[in-house]
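Here are my notes on the aromatic contacts in this model. Have it open next to you as you read.

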Amino acid sequence: MLTTAKIHPAASAVLSSTIKHHLRSPPNAVVFRTNPNSLRRRGTTRTLTVAMVAPLDVCAKASTTVPNKLGDCPFCQRVLLTLEEKHLPYDLKLVDLGNKPEWFLKINSEGKVPVVKLDEKWVADSDIITQALEEKYPEPPLATPPEKASVGSKIFSTFIGFLKSKDPKDGTEQALLNELSSFNDYLKENGPFINGKEVSAADLSLGPKLYHLEIALGHFKDWSIPDSLPYVKSYMKSIFSLDSFVKTSALKEDVIAGWRPKVLG
């Protein structure tokens, strides 16, 4: 099964001497991207040279609960968040992973998502895709400094361990709390985001995973982030409320359905 939807993300540049922010492209509008090399200050205004970008083809998991909706893959959302935050247009192709079409297996024999077509080549793996997008479309910059890139990186694996655990005394809950506590301490000193005041690639990777954590642990274990971790809770609220996140997040029902086999199995 394949569903295609044309996406036009937020347009941040206006063809005038003054930059105006937070504008959305109307349906069927031409989407423009700012050329960073052509940005010059003139007094209190800026002049822009704007280049048109063709929509990128993106394959992502389809919902298993509602037709024509994005599915519950956090790695797909990471890629879509990157495209949205970089204001890049894309054509979203939703793939039924339970019944993978032949055309999809031809472009990616492993049958995994996400996959993005860059320079006429299909590229898989969210790590590789997001790095390629940063190199090809450096503005606005999203790269996280290397020394901060691994912050919070162990949260997802400890979340899965706790979610799948059937023994309340096996230490998996405490392992997750330890990672969340470390992240809370980091945000207290360096936040509100991983790279300080601005959202970066590390946030776009961690955010979808925390979204799954909140929904899955709340549903299967009646568990939530404790109030003793206020900076983590504030961070999640900020990330989840981003326009790009709201636009690309999976339905709660899909997240639950996606984790159910792993929990019950």
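1. I get 11 aromatic pairs, taking rings of Phe, Tyr and Trp (its six-membered ring) as paired if their centres lie within 6.5 Å, with planes under 30 degrees apart called stacked, over 60 edge-to-face and the rest tilted. One of them is F162 with W223, edge-to-face at 5.7 Å centre to centre and 75° between the planes. F162 sits in helix α4 (residues 155-164) and W223 in the loop between α6 (201-221) and α7 (230-240), so the partners are 61 residues apart (helices are DSSP runs of H or I, at least four residues, and strands runs of E, at least two, numbered from the N terminus).

2. Buried or exposed, for F162? Buried, at 8% relative accessibility, and W223 is buried too at 11% (buried is under 20% relative accessible area, exposed over 50%, partly exposed in between, with a 1.4 Å probe and protein chains only).

3. F193 is buried at 12% relative accessibility, as is Y235 at 2%.

4. Ring pairs also join F75, F156, F159 and W259 into a cluster. The charged end of K262 lies over the W259 ring, 5.5 Å from its centre, and K221 is over the face of F162 at 4.9 Å from the ring centre (the test: NZ of Lys or CZ of Arg within 6 Å of the ring centre and within 35 degrees of the ring normal).

5. On provenance: this is a predicted model, where local features need pLDDT of at least 70 and side-chain atom pairs count only at pLDDT 80 or more, while totals for chains, interfaces and linings use all residues. Residues are numbered from 1 along each chain as its sequence is written, and side-chain values use heavy atoms, leaving out hydrogens and water.
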